[in-house]
Amino acid sequence: MMNKTELRKLILSKIDLPVIREQEYSVLEFGVRPDSGEIQTASFQQAIDRVSEEGGGRLSIPAGRYRTGALRLKSGVELHLQTKDTILSFVNEEPEKHYPLVFSHWEATPCYNFSALIYACDEKDIALTGEGTLDGGADAEHWWNWHHQVEKAWSADKKDLQLEDRRETRRMNVEGVPVSERIFGPGHYLRPNFIQTIRCERVLLQDFTLKNSPMWQVNPVMCKSLTVDGLTLSSHGPNNDGCDPESCDGVLITNCRFDTGDDCISLKSGRDRDGREAKIPCEHVLIEKNEFADGHGGIALGSEMSGGIRCVAAMNNRFCSPNLTYALRLKTNARRGGIVEDVVLADTVIDCVHGAAVHGTMLYEDGRNGDDLPVFRNLLIENIWAYGGDYGIFLEAFDEVPITGLTLRNIEITGVTQPMRCMNWQDPVIENVRINGKYYPRPDKVRILGITARGQKVTATAQTCRSGEQLSWRWQLAGEDGRWIDAGSGETFVIPPEEEGLPTEYRVDKGETSPSLMAEELLTMPESSVYIRVAAEDENGNQEFSHCYRILSGMAAGADVNAGRLVCRGLLAERDILEKEKPIRRGTLAQMLMPLADPDTENTMITDEKALDIAVKKRFLAFTEGGELCPDGLVSRQEMATVAMQACGVNYRNASSTMPVCADVKEVGNNYGTNVARALYFGFMELEADGKFQPRRPVTGDETIQILNRVADFAGL
């Protein structure tokens, strides 16, 4: 992989500005009238057509508000918004009248649909410039009401007019239905994009403001030599991505400000079968000197990337809003396929982010439900300063296709809840990476396997960024006052039986300054007052401790292992707290979640209402439909899937709705589908023997014990 300077130079060599004749025109010459209140689509289109026919030139629009329907750009024409007070206001009524059926791409699937508000196909040397505003007219009553976007873990299950049409595009794509038969538009609910240019060469979009877009704001498709410079993209409807180049070659996005209802920039290259058959990557893309405010991902790659994404450099950008979910975002799944390679994120300040500075997953939307595995390789992330978020760096891949060629260098991230998720990284290069004041690589998610009871053999385990890394282990015991005593070393440890007592050769942990407990003092303490933990240390001396586990007594052979594990970790106050065959109460579940929701809260010391309040604030649970905590209420299995995914510590915000593979999928609520699919993939929950999920059945105490035990293991508790 070339360095960032060479990559930038290569990308710029692929980009040319449009060649437009130096001839000035005004739309007023063609009968267009400012502030008339009339819909002037025909006059605007006549002006564009005439200028193109005469050899091209700049077609200026003076100050004023102009109402119009869809406009089609033509070769050689620069449509120029002459002043800041020039406003093109697009009609939001009667879409079948004002937005004719044209060849389109909808979420990277070719079809026939309502025309984009500004549309071009097979044109050369086109431009849209000037300091004016394009107002798409979308709002809660127009366009946006066609789709209910599931953004939050506990989103309401509202009617989604777009859903059936979206599913139909997916079916047509996967089954290879001819594009000529993919007819939508009138009578359907696929919202048009704002600006869509298809198979065009030398395109310039410069200086104007976009707002109130029906769908994606700027969507160039299979274009060559595209420059997006100085735009302000401000639109907060569902799927209101800012700029989504799709299968384009030679793209510069610079000096723009993004404040969007979905990803700010999202590179794409076709969806599923269509994208794999077309084999047109999105490549040679330079993203620099932009400002990213609100949005799901600042710079996203995918998820429609079946044709591949390569040679991307994102440098000298600024991410400056706590509302931004991810700065760099890679998202794909096993239905997409495609390769993401040769990507650079460098020289970047991330003032604040609430999801992760860097987030990449192959579990977006359809997750592992497919046979076309994607690939992430040759990713360089360097010179990054970031603050805040659930994670610092979150990158995960399937076992079969680990991330290769990953380099993390000169990265400083502070104020994050969890430093790193590193799932299936192969031989990464990690240099000068510090998160929350600690240098990486280092041991992570240190855990004790087994039941920490007298006479039991337990095993230590941990995760590391690099496979094959050798770790050393140190076991410690403590009483309630938290003074730890070294008790042994090695990957395994046998907790002495009660009749043998505890070893007497303990020494004081060198990190403690207070007097040590003696062995005989520990022996006299009740079981709930004696704790064990283990420390993992890597070859560089970096050390991390496990959670503190209670040492239990009297664990007979054949005892409920799952329940015992929960008791050890503090998720159960007593082993007989649950009636296993009966549905679990919301209040009881909230109590059990406390070590995951708030490790500093002792669940035996608070009421159900307090536990529920904490769990709701943490988004592990939600208020009932009546806005109440309802401690005696029950929890359905589909709700439990969301509880599991929220509590496991791996947050997948802003994922489009997908559905699990199960015999009763039609009974699963759209707002729960993605979390049900992921809870099944991670093994937190299972299907019934008949292949059904039974989403609306209340979850039982026994199921809760099994689920939370798996969740706690996953979370490193």
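User: Why is R202 called partly exposed in this predicted model?

Analyst: R202 has 22% relative accessibility. Buried means under 20%, and exposed means over 50%. The value for R202 falls in between, so R202 counts as partly exposed.

User: What makes R202 and D125 a salt bridge?

Analyst: Their side chains meet at 2.5 Å, N to O. The cut-off is within 4 Å, so the pair qualifies. This pair links distant parts of the chain: R202 sits in strand β13 and D125 in strand β10, 77 residues apart.

User: How do you know that R199 and D122 form a salt bridge?

Analyst: Their closest N and O atoms are 2.8 Å apart. That is within 4 Å, so the pair counts. R199 lies in the loop between β12 and β13, while D122 lies in the loop between β9 and β10.

User: Which accessibility class do R199 and D122 get, and why?

Analyst: R199 is at 35%. D122 is at 45%. Both values lie between 20% and 50%, so R199 and D122 each count as partly exposed.

User: What makes E688 and R697 a salt bridge?

Analyst: The N to O distance is 3.0 Å. With a limit of 4 Å, the pair therefore qualifies. E688, at 28% relative accessibility, is partly exposed. R697, at 23%, is partly exposed.

User: How many salt bridges does the whole structure hold?

Analyst: The search finds 46. K4, D347, E382, R409 and E431 are linked in a network of salt bridges.

Technical notes: Residues numbered from 1 in each chain as written. Predicted model: local features only at pLDDT ≥ 70, side-chain atom pairs only at ≥ 80, totals over all residues. Heavy atoms only, no water. Helix = DSSP H or I, 4+ residues; strand = E, 2+ residues; numbered from the N terminus. Buried < 20%, exposed > 50% of the residue type's maximum accessible area, 1.4 Å probe, protein only.
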